[in-house]
Each structure stands twice: as C-alpha cells, then as structure tokens.
Amino acid sequence: MSKRKLSRQQRWRVEKIQAERAARAERQAERETRSLEAGEYGPEQPGRVIAHFGRTLDVRGDTGASLHRCHLRANLEGLVTGDRVVWRRAADDSGVVVARDSRDNVLERPDARGLLKPVAANIDQILIVFAVEPAPFANLIDRYLVAAEATGITPVLVLNKTDLLPEDGGALAHLLERYRSLGYTVVRATTRGDTGLDALHAQLTGRTSVFVGQSGVGKSSLIDRLLPDQALRIGALSEDSRKGTHTTTTARLYALPAGGELIDSPGIREFGLGHLDAAQITDGFVEFRDYLGRCRFRDCRHRDEPGCALQAAIDAGEISAERFASYRRILDEQAGR
Ligand SMILES: Nc1nc2c(ncn2[C@@H]2O[C@H](COP(=O)(O)OP(=O)(O)OP(=O)(O)O)[C@@H](O)[C@H]2O)c(=O)[nH]1
Ligand SMILES: [Zn+2]
C-alpha cells in the first residue's frame, strides 16, 4: 500500500508501532551492554557468518567447526553470509556479534523493487558453469564474465558434462582456447564417473566459491556431489525453517569436505547481467583494457569513429572480432532494456 493512501488513523498506528520498536531496540541495546560488561560473554574472537535470518546469524568460530546462533549488537546492520565478524560466546553456546571486519568484496542482487542488496561477501571466485549440453553461446559466457568482472571477484569457467564431449573436443575446444588465451582458468568437470571432479576439487580448495550459470548445466548435480553429506545440508535448512519461509532462499556457506567453502542460494545461482552500465560492460572485456583511453576522441563510443583504438586492435588481430561483436550485442541489449 502506498503511503499516500494511509488514513490518519493508520498513520498513527504505524508511528506507534515504529516508536515501540525503537524503544524495544534501545532496551535490548542497554541489556546487551550490561551483560557484555558483566562478563556474561567470553572474549572477542573471529568468526564467519554461515547464514543469516534478519538479526539472527549462524556464526562459525575460526577454531572448530561448531555453529553458534548469534544475535547482532543493536548498532550493527546489514551483515551477509560470508562476512568476517568479531563475536563473543555465551555460556549456553549462543553468542553476540559485536563487529564486522572490512569486506574484500560483496555480491549484490536486485531485490523485488530493483534496489541492489548485498547477498554474500568475501568470495574468492565465481564459478561460471556451462556444459557440453545445452551447448553454450559465446555471448552468454561473455555476459557472465562481464557481470563477474564488475564485482571484482575472479571468474573461473567450469565446463561440465565432459562425458558428452567428442574425442577431438568439437567446436567447444576452440571456444575454450579463446577464454584460456584471455587469461581465464577453464576447469573441466563431469558428475559421471569417479574422477570427473578432481580438477574442480583442486580449484575449490582453500577458496570461497559461488556457482552460477544457466538452467540445466548441472549446478545442482555438481553441488550435490561436492556436498555428499546431504543430511547435513538438509538438516541445516530444516533447523532454520522454523524461523520463517525466507530461510530457504537465504545464502548459506558450506565447508566442502575436500577443502574450500561454497556459498550457495537460489538467488546467487541466478546471478546475471542485470544492472550494468556501459562503462562496466566495456571494463568487463579484459582484453580491451590496454586500449581504452587511446582512441582519438575521448568520448569514443567504439562504433565507427575514426582513430578508434579498439577497432585498430581488431584489424590487427589483437582483439577477437567475435568478442567485440559480443560486446556490442551486450551494450545494445542493455540500452534497449
Ligand atoms: N551427461 C551428463 N549429464 C549431467 C551431468 N551433470 C548433470 N547432468 C544432467 O543435467 C541435467 C541438469 O542438471 P541440474 O543439476 O539439474 O542442472 P542445474 O544447473 O542445477 O539446473 P537448474 O536447477 O535448472 O538451474 C540433469 O538431467 C542432470 O542429470 C554430467 O556431468 N554429465
Ligand atoms: Zn574507440
């Protein structure tokens, strides 16, 4: 309901509820300060947010794998899964989060109203999954790469279903070579067979990762194989479900048995191009970066302008004409939205 349509009585009621809420928050903050000062909580220690439900968080201490249901100090806002925090443990194993460390990076998604909201933080790599089938369009891979580059998080390409790959690698071999030559890591995987995930395990070890990619490329299959302890995964979710329906869509951090960590949620898997401006799209093509700023005109749109450094690089074979066409397509589609 829009604000304008509220009657005076409704407005009064809303204000009353807000005032009560503020008073409650203040009392809670005072209680917290008292109990923190009274030494009811242990010493400050580092931890990481594993999941969050409003002002309640699951925190994992840096020593040991146990989870602690924590609440937030009243002055803290906007923590997300993956945040590194300072917390204090209570006698009953719950805790309170007292501070958030600075973030290396943050993954954002538009909410229902189109406003960008952080969903996860401190991610080392975005694994862009594509598959032998459905066959990938280069333009789609480029879109994911551009979106990943805009976050500052390293993208890695994962080609899944390699069991379906013809001996000679088919048309995909050429495509993969293009991305390798741009400096991207390409990992092959298959959920069929015993050794199909070896390279992926190696890529995941010691890092915090997220999986993104089109429907049907095998993200669920990969994640199920990487987190074989289904009971643990599902158990964690059902334990949270009493907290409300939104818990199943909130991002959760999983420790992978073979090493490394995975942050996953339906929202993260749908990560895409959404909200990028022209400059971000241009920057998302890594091989353009050396040429940007070298066009004759400072406001060159890299279309038909004379003295365009990008066009010259294409003519010289230094930039792939296909990647440039893909760039133009993404720009045009964003402009037409
Ligand atoms: N041949 C083959 N099929 C696979 C492999 N991995 C997954 N599949 C199949 O691909 C189909 C899609 O897999 P999903 O794991 O549901 O794909 P997804 O990316 O999670 O798809 P959404 O849930 O729609 O986003 C399923 O029928 C899987 O059995 C693989 O390595 N090889
Ligand atoms: Zn130009």
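Student: How many bridges join strand E3 to E5?

Tutor: In this predicted model, strand E3 covers residues 67-72 and runs parallel to E5. One of the pairs is cysteine 70, whose partner in E5 is glycine 95. The number of bridges joining E3 to E5 is three.

Student: In which order do the strands of the closed barrel run?

Tutor: The barrel is closed and has five strands, with mixed pairing. From one strand to the next, the twist averages 50 degrees. E3 and E5, which run parallel, stand side by side in the order E1-E2-E3-E5-E4.

Student: Do E1 and E4 pair in the parallel or the antiparallel sense, and which residue in E4 is the bridge partner of glycine 47?

Tutor: Strand E1 spans residues 41-53 and strand E4 spans residues 84-90. The two are joined over six bridges, in the antiparallel sense. For glycine 47, the bridge partner in E4 is valine 85.

Student: Which residue takes a positive phi in the hairpin of E4 and E5?

Tutor: E4 pairs with strand E5 (residues 95-100) in the antiparallel sense over five bridges, and valine 86 has alanine 99 as its bridge partner in E5. Four residues lie between the strands of this hairpin. One residue in the loop between E4 and E5 has a positive phi of about 80 degrees although it is not a glycine. That residue is aspartate 93.

Student: What is the order of strands in the open sheet, and which are the edge strands?

Tutor: The open sheet has six strands with mixed pairing, in the order E10-E9-E8-E11-E13-E12. An edge strand here pairs on one side only. Neighbouring strands of the sheet are turned by 30 degrees against each other on average, with direction ignored. The edge strands are E10 (186-188) and E12 (252-255).

Student: In what sense do E8 and E11 pair, and which residue is the bridge partner of glutamine 125?

Tutor: Strand E8 holds residues 125-131 and strand E11 holds residues 208-212. Four bridges connect E8 and E11 in the parallel sense. In E11, the partner of glutamine 125 is serine 209.

Student: Which strands does helix H2 touch, and what angle does its direction make with that of E8?

Tutor: Helix H2 is made of residues 138-151 and packs on the sheet. The strands touched by H2 are E8, E9 (154-160) and E11. The direction of H2 makes an angle with that of E8 of about 175 degrees.

Student: What angle does the direction of H5 make with that of E11?

Tutor: H5 also packs on the sheet. The helix touches E8, E9, E11 and strand E13 (261-264). Between the directions of H5 and E11 the angle is about 150 degrees.

Student: Where is the cis peptide bond, and what is its omega?

Tutor: The bond joins glutamate 133 and proline 134. Proline 134 lies in the loop between E8 and H2. The omega of this cis bond is about -5 degrees.

Student: Which helix gives the most to the shell around ligand 1?

Tutor: There are 15 residues around ligand 1, and Ser215, Gly218, Lys219, Ser220 and Ser221 come nearest. The shell divides into two nonpolar, nine polar and four charged residues. The helix that gives the most, with three residues, spans 219-226 and is H5.

Student: What distance separates the centres of domain 1 and domain 3?

Tutor: The domain assignment gives domain 1 as 15-100, domain 2 as 107-269 and domain 3 as 278-335. Taken over C-alpha atoms, the centres of domain 1 and domain 3 are separated by 48 Å.

Student: Over which residues does pLDDT stay under 50?

Tutor: The protein averages a pLDDT of 87, and 92% of the residues score at least 70. For the complex, the predictor gives an ipTM of 0.97 and a pTM of 0.85. One stretch, for which the model has 11 contacts beyond four places in sequence, stays under 50: residues 234-248.

Technical notes. Residues are numbered from 1 along each chain as its sequence is written. Chains are lettered from A and ligands numbered from 1 in the order in which they are written. This is a predicted model: local features need pLDDT of at least 70, side-chain atom pairs count only at pLDDT 80 or more; totals for chains, interfaces and linings use all residues. pLDDT is the predictor's confidence in each residue, from 0 to 100. Two residues are in contact if their C-beta atoms, placed from the backbone, lie within 7 Å. A residue is near a molecule or strand if its C-beta atom, placed from the backbone, lies within 6 Å of it. Ala, Val, Leu, Ile, Met, Phe, Trp, Tyr, Cys and Pro count as nonpolar, Asp, Glu, Lys and Arg as charged, and the others, Gly among them, as polar. Domain bounds come from an automatic or database domain assignment. Two strands pair if DSSP finds at least two bridges between them. Axes are lines fitted to C-alpha atoms, for helices over the stretch in contact, and angles run from 0 to 180 degrees between N-to-C directions.
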